Amino acid sequence: MDLVVIAQLITGTATFVVASVLIWQMFIQKRTLDIAHKDADNDFSVQVISERNAMRRWFIDKLNPDFENRLNVGLNELNQFEFQIVAIYFRGMSTMTTTEWRLERVGGNPGYFKFAFIALFTHKAILDYYKEIGRRFFTDGNFGKPGLGIIADEVYEEITGEKLED
């Protein structure tokens with residue numbers, strides 16, 4: 001065997017070893033990234049739950065029996081201050097929901113988002129606010145993939161029995 005062939009064998013073997021090590025490192029890096037992604041999703045989940053609960057506590061702190069009775073009658077029964085409370089609560093909750101939708105939280109599972117709207121649409125005044133003002137937050141298509149407005153409309157229609165016009 002001449003020297004050139006031996007050098008080529010050694011070079012080929014070294015290249016193979018280096019390529020194998022790099023491929024092995026890629027597998028390790030992929031596993032590490034998968035773990036980091038799962039951790040980030042878990043952190044996001046906890047943060048969303050915490051934020052939703054904070055918004056609900058804020059809203060409940062504003063309630064009293066008279067205000068709650070007017071919430072159950074409808075949006076037109078609220079005074080300006082109460083209307084602003086509903087608007088702030090609705091916008092806060094809808095911002096979280098649309099962000100989760102845009103980030104494809106829980107894989108974009110429609111059932112999760114349906115439950116989020118059921119939890120939001122707790123009073124007649126909030127349903128009225130959705131129909132008259134808030135619906136555009138979900139139907140204008142500015143939040144990534146379309147479809148969230150369809151889910152919101154379905155929940156509204158199931159709760160009220162009223163068909164929404166496009």
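Rings of Phe, Tyr and Trp (its six-membered ring) are taken to pair if their centres lie within 6.5 Å, with planes under 30 degrees apart called stacked, over 60 edge-to-face and the rest tilted. By this rule, nine aromatic pairs are counted. The structure is a predicted model, in which local features need pLDDT of at least 70 and side-chain atom pairs count only at pLDDT 80 or more, while totals for chains, interfaces and linings use all residues. Residues are numbered from 1 along each chain as its sequence is written, and side-chain values use heavy atoms, with hydrogens and water left out.

One of the aromatic pairs joins Phe90 and Tyr130, whose ring centres are 6.4 Å apart and whose planes make an angle of 45°, a tilted arrangement. This pair links distant parts of the chain, since Phe90 sits in helix α3 and Tyr130 in helix α5, 40 residues apart; helices here are DSSP runs (H or I, at least four residues), numbered from the N terminus. Phe90 counts as buried because its relative accessibility is 0%, where buried means under 20% relative accessible area, exposed over 50% and partly exposed in between (1.4 Å probe, protein chains only). Tyr130 is likewise buried, with a relative accessible area of 0%. Tyr130 also forms a tilted pair with Phe121, at 5.0 Å centre to centre and 50° between the planes, and Phe121 too is buried. Ring pairs connect Phe83, Phe90, Phe117, Phe121, Tyr129, Tyr130 and Tyr156 into a cluster.

How do the helices themselves meet? The axes of α3 and α5 (residues 124-134) come within 11 Å and cross at roughly 75°; axes are lines fitted to C-alpha atoms, for helices over the stretch in contact, and angles run from 0 to 180 degrees between N-to-C directions. The two helices are therefore roughly perpendicular, the term for 65 to 115 degrees, with under 35 being roughly parallel, over 145 roughly antiparallel and the rest oblique. The contact (heavy atoms within 4.5 Å) involves Phe83, Val86, Ala87, Tyr89, Phe90 and Arg91 of α3 and Ile126, Tyr129, Tyr130, Ile133 and Gly134 of α5. These residues comprise nine nonpolar, one polar and one charged, with Ala, Val, Leu, Ile, Met, Phe, Trp, Tyr, Cys and Pro as nonpolar, Asp, Glu, Lys and Arg as charged, and the others, Gly among them, as polar.

Helix α3 (residues 80-102) also packs with helix α4 (residues 110-120), at an angle of about 180° and with the axes 11 Å apart. That makes α3 roughly antiparallel to α4.
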